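Subject: Handover of a structure and notes on its contents

Dear colleague,

Please find below the structure that I am handing over to you.

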Amino acid sequence: MMISRLFAAALAALFLITPAAAEDADLAKLARSSGTPDIPGLKIVWLAPWGDVAKARAWRNIIVHQTEGPTGSARGGAEAQAKNPTRRGVTVWVETDGTVYWAAAENLVPTHGDGANRNDNKYIDNRSTYRQVVRDNSIGVEFAGNYPDVATGPTEAQVAAWKILVQVLRARYGIPADHVYAHNWIDYKDARYCEGCWLATLARVWGE
């Protein structure tokens, strides 16, 4: 009787795990595709379609930013980025409603980050980041909406979009969870709040 119950429990667990594994495999396959794929759970506005992932820049890190812009500012920032991809900004922008704007071709390097100048170990051990996690090897994601209060956190819609988006970025470029960084972790930023810290922490927890 005990063996039957254990077998039944194991079988039930298998049915719970298998769909999740299948979904992960499907997402990973989509993440390696080209063009403008429809990714379940994400609304993406493709200002710069994906190309052949083999020809993309060898992104090794993800840097999470928060812009001091009002609700609705992600679209404008992304459109300006699309017109001038290497300007001050990032590759991916996320609006407060969760809409993702892919703004720059993945082989181009927007100007973001301050050269990984933080070395005080305040948030993380900076021995592996100091002057190493820089714009040339890090894809940037900007979350809009923390204006006029910079301490305002991301919206629920942004967090929900991020949970999928970070999986896609990691799968597409082979980036491990511990290479997701908040901007404040690697650069000396605005002391009023910790830019990107909660979102980067969530990404690492989800990746465990």
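In what follows, helices and strands are DSSP runs numbered from the N terminus, a helix having at least four residues and a strand at least two. Please note that the model is predicted.

Backbone

With those runs in place, the loop between strand S5 (138-143) and helix H3 (156-173) contains proline 148. The peptide bond that leads from tyrosine 147 into proline 148 is cis, and its omega is near 5 degrees.

Asparagine 121 counts as partly exposed because its relative accessibility is 44%. Arginine 131, also not a glycine, has a positive phi of about 60 degrees. The loop between S4 and S5 is where arginine 131 is placed, and a relative accessibility of 48% makes this arginine partly exposed.

Salt bridges

How many salt bridges does a search of the whole structure find? The search returns 8, and several of them are described here.

One of them joins arginine 75 to glutamate 79, with the closest N and O atoms 3.0 Å apart. Both residues belong to helix H2 (residues 73-83); because they are 4 residues apart there, about one helical turn separates arginine 75 from glutamate 79. Arginine 75 is partly exposed at 40% relative accessibility, and glutamate 79 is partly exposed with a relative accessible area of 31%.

Aspartate 114 takes part in two further contacts of this kind. In one, its side chain meets that of arginine 88 in a salt bridge at 3.4 Å, N to O. Arginine 88 lies in the loop between H2 and strand S3 (92-94), whereas aspartate 114 lies in the loop between S4 and S5, so this pair ties together parts that are 26 residues apart in sequence. In the other, the side chains of aspartate 114 and lysine 189 form a salt bridge at 3.6 Å, N to O. This pair links distant parts of the chain, 75 residues apart: aspartate 114 is in the loop between S4 and S5, and lysine 189 is in the loop between helix H4 (183-186) and helix H5 (197-207).

Aspartate 114, with a relative accessible area of 29%, is partly exposed, and lysine 189 counts as partly exposed at 28% relative accessibility.

Largest pocket

The largest pocket holds about 230 Å³ of space. Which residues of its lining lie nearest its centre? They are His65, Arg88, Glu142, Lys189 and Glu195, out of 17 residues that line the pocket. By type, the lining consists of 3 nonpolar, 8 polar and 6 charged residues.

With kind regards

Terms used
Residues are numbered from 1 along each chain as its sequence is written. This is a predicted model: local features need pLDDT of at least 70, side-chain atom pairs count only at pLDDT 80 or more; totals for chains, interfaces and linings use all residues. Side-chain values use heavy atoms; hydrogens and water are left out. Buried means under 20% relative accessible area, exposed over 50%, partly exposed in between (1.4 Å probe, protein chains only). A salt bridge is a side-chain nitrogen of Lys or Arg within 4 Å of a carboxyl oxygen of Asp or Glu. On a 1 Å grid over the protein atoms alone, a cavity is a set of points where a 1.4 Å probe fits but cannot get out, and a pocket is an open set with protein on both sides within 12 Å along at least five of seven lines; lining residues have an atom within 4 Å of a point. Grid points are joined across faces, edges and corners, and a volume is the space filled by probe spheres set on the points. Ala, Val, Leu, Ile, Met, Phe, Trp, Tyr, Cys and Pro count as nonpolar, Asp, Glu, Lys and Arg as charged, and the others, Gly among them, as polar.
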